[in-house]
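Please open the model in your viewer and keep the selection panel at hand.

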Amino acid sequence: MKIKGKAFWAKVRTPETYQGNPVGYSVQVEMPEENLQRMKDYFTDKCKNEQFTDKRCDGEITLPIKVDETTGRKTVKVKTKHFYVEKATGKQVNKVIPIYNEYGEIIPEDVLIGNGSDVEVACNCKFFYDSAKKWGVRLYLQSMMVTNLVKYSTDGSDEFEFKKRPEVEEADVQEDEVDF
């Protein structure tokens, strides 16, 4: 399944932490309201009519939808563990979430995804049923494509408008001025 929208709080390079401990990778995706409602209706129907036909499903479906109380922004949180356990050795191996640009090229590890970047997130859905009042879907992050990158800057340098140097043509460079 694929979710399209604007990325917020993308923790896809280093794991998100809770009380100092890593808990996994995550990204919150803001979708248009009509798409969010379509997703909610689709999963509600799938749960009631396909997954849990022999169970009671009272109340609303549980989805990973977060509502920002200050802005009212609704986002879908997609997450995954930051490691997996290798079956052969039993060792814990760190996961790497592949992040692509719109041409299918891997975006370098040092490029952080800033709030407002346009993304498409590939995820797996897993249905769960805990009780008649707690049932729904969890979405697990697989990979991400960034179609319009808003770079995240930790030092504030993205606030400056730097000038671009004019490109120097090879004919303008003297042979003794070439750096090695």
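A residue is called buried here if its relative accessible area is under 20%, exposed if over 50%, and partly exposed in between, with a 1.4 Å probe and protein chains only. The model is a predicted one, in which local features need pLDDT of at least 70 and side-chain atom pairs count only at pLDDT 80 or more, whereas totals for chains, interfaces and linings use all residues. Residues are numbered from 1 along each chain as its sequence is written, and side-chain values use heavy atoms, with hydrogens and water left out.

Rings of Phe, Tyr and Trp (its six-membered ring) pair if their centres lie within 6.5 Å, and planes under 30 degrees apart count as stacked, over 60 as edge-to-face and the rest as tilted. The structure holds 3 aromatic pairs; in the one formed by F43 and F127 the centres are 6.1 Å apart and the planes stand at 70°, so this pair is edge-to-face. F43 belongs to helix α1 (residues 33-51) and F127 to strand β8 (residues 117-131), 84 residues apart, where helices (H or I, at least four residues) and strands (E, at least two) are DSSP runs numbered from the N terminus.

Next select F52 and Y129, whose ring centres are 5.3 Å apart with planes at 50°, so the pair is tilted. F52 sits in the loop between α1 and β3 (65-67) and Y129 in strand β8, so parts 77 residues apart in sequence are tied together. F52 is buried at 8% relative accessible area, while Y129 is partly exposed at 25%.

Now look for charges over rings, meaning NZ of Lys or CZ of Arg within 6 Å of the ring centre and within 35 degrees of the ring normal. R73 lies over the face of F8 at 3.9 Å from the ring centre, and R138 over that of F128 at 3.8 Å.

Then move to S143 in strand β9 (residues 134-148), which counts as buried at 17% relative accessibility. Leaving aside residues up to four places away in sequence, S143 touches I97, P98, Y100, E120, V121 and A122, contact meaning heavy atoms within 4.5 Å.
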